[in-house]
Amino acid sequence: MEMRRMRPKEAPAPGTKFVKKSSYRAAVSLLGVLCLLLLTGLIILAFLFIKDKFQMEEEVGNLKTERDQLQKRVEELTKEKEMIFRQSFMCNWVNVSGSFYFTSSEKKSWQESRQDCVQRGADLVIISSQEEQNFVNTFKKRLWIGLTDSETEGTWKWVDGTPMNTSYWNRGEPNGDKKENCGHIDTYNSENSWNDAPCSILHFWICEKRYSP
Ligand code: 2F8
Ligand code: CA
């Protein structure tokens, strides 16, 4: 009887073990390459992010410097504007014993004249001495002064609320009763030059700004 030859337990085909090992190595290498690529990508991203951040910080710094410079310039220009405004307002003023005087070159009502003086940091003139009365006459103009009896007929007051104690009315003045409540320089060639007239009449005017040295 022919004896059947026993086949040894199935062994891997020759070369199979080698193929498995090399596939494993290839997979590990691929994974390594992928990790490397990922790492490289992350490094590039981080670099770009940091670069952007620095650029932005630099730009913010530049903008802040520019803003500060512009603010400084605005302050300088504001001061310059105020100075020019003040100079243009003060260039026609006359300085006499403790006061600056301004006479207008246009005509307005008493109230509007007063407003103009107030805008110039002054008020209509208050005549408080004979010298001042004579000085105001030297302008040889019919000028509104800071005198009114609008509040109480016949009670003349200066614009600062003080009563008129010494007066320089022209002969026969004041004569306007309730129709003429504002005082002005009229007959400037004589010392007694004041007249009372309706406050709505248009006249030149004289402002006074007092100062203490
Ligand atoms: O004669 C004085 C008289 O002259 C004018 O009236 C005619 C004056 N009127 C005006 O200025 C509007 C009066 O106030 C003045 O008293
Ligand atoms: Ca009068």
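Trainee: How many nonpolar, polar and charged residues are in the shell around ligand 1?
Mentor: By class, the shell has 3 nonpolar, 2 polar and 3 charged residues. Please keep in mind that this is a predicted model.

Trainee: Which residues are around ligand 1?
Mentor: They are E173, N175, E180, N195, D196, A197, P198 and I201.

Trainee: Which atom of E173 lies 2.6 Å from an oxygen atom of ligand 1?
Mentor: It is a polar side-chain atom of E173. N175 also has a polar side-chain atom placed 2.9 Å from an oxygen atom of ligand 1. With D196 the polar atom belongs to the backbone, and it is 2.8 Å from an oxygen atom of the ligand.

Trainee: And how much of ligand 1 does the protein bury?
Mentor: The protein buries 48% of the 400 Å² that ligand 1 exposes when taken alone.

Trainee: Next, the calcium ion. What are the protein donors of ligand 2?
Mentor: The calcium ion has as protein donors E173 (OE), N175 (OD1), E180 (OE), N195 (OD1), D196 (O) and D196 (OD). These atoms lie 2.2 to 2.5 Å from the ion.

Trainee: Are E180 and D196 buried or exposed?
Mentor: Both E180 and D196 are buried.

Trainee: Let me turn to the backbone. Which peptide bond is cis, with omega near -5 degrees?
Mentor: That is the bond from E173 to P174. P174 is in the loop between strand 5 and strand 6. As background, most peptide bonds are trans.

Trainee: What about phi of D177?
Mentor: D177 has phi near 45 degrees, a positive value in a residue other than glycine. The residue is placed in the loop between strand 5 and strand 6. D177 counts as exposed because its relative accessibility is 55%, and the cut-off for that class is over 50%.

Trainee: And where is K140?
Mentor: K140 is in the loop between helix 3 (130-137) and strand 4 (143-148). Its phi is near 50 degrees, again a positive value in a residue other than glycine. K140 is partly exposed, with a relative accessible area of 45%.

Trainee: Now the cysteines. How many disulfides does the structure hold?
Mentor: It holds 2 disulfides. One joins C117 to C207, with an S to S distance of 2.1 Å. C117 is in helix 2 (residues 110-119) and C207 in strand 8 (residues 204-210), so this pair links distant parts of the chain, 90 residues apart.

Trainee: Is that C117 and C207 disulfide left-handed or right-handed, and why?
Mentor: The torsion about the S-S bond of C117 and C207 is about -85 degrees, so the disulfide is left-handed. C117 is buried at a relative accessible area of 0%, and C207 is buried at 0% as well.

Trainee: Which cysteines does the other one join?
Mentor: A disulfide joins C182 to C199, with 2.0 Å from S to S. C182 lies in strand 6 (residues 182-185) and C199 in the loop between strand 7 (194-197) and strand 8, so the pair ties together parts that are 17 residues apart in sequence. Its torsion about the S-S bond is about 95 degrees, so this disulfide is right-handed.

Trainee: What is the pairing in sequence order?
Mentor: With the bonded cysteines of the protein numbered in sequence order, the pairing is 1-4, 2-3.

Trainee: One last item. With which side chain does the side chain of Q133 make a polar contact?
Mentor: The partner is the side chain of S193, at 2.9 Å. Q133 lies in helix 3 and is buried, with a relative accessible area of 0%.

Conventions
Residues are numbered from 1 along each chain as its sequence is written. Chains are lettered from A and ligands numbered from 1 in the order in which they are written. This is a predicted model: local features need pLDDT of at least 70, side-chain atom pairs count only at pLDDT 80 or more; totals for chains, interfaces and linings use all residues. Side-chain values use heavy atoms; hydrogens and water are left out. A disulfide is a pair of cysteine sulfur atoms within 2.5 Å. Helices (H or I, at least four residues) and strands (E, at least two) are DSSP runs, numbered from the N terminus. Buried means under 20% relative accessible area, exposed over 50%, partly exposed in between (1.4 Å probe, protein chains only). Donors are N, O and S atoms within 2.8 Å of the metal (3.2 Å for Na, K and Ca); water is not among the atoms, so sites may look incomplete. A residue is near a molecule or strand if one of its heavy atoms lies within 4 Å of it. A polar contact is a pair of N or O atoms within 3.5 Å; within protein, one must be able to donate a hydrogen and the other to accept it, and residues adjacent in sequence count only if both atoms are side-chain atoms. Accessible areas come from the Shrake-Rupley method with a 1.4 Å probe; for residues, only the protein chains shown count as cover. Ala, Val, Leu, Ile, Met, Phe, Trp, Tyr, Cys and Pro count as nonpolar, Asp, Glu, Lys and Arg as charged, and the others, Gly among them, as polar.
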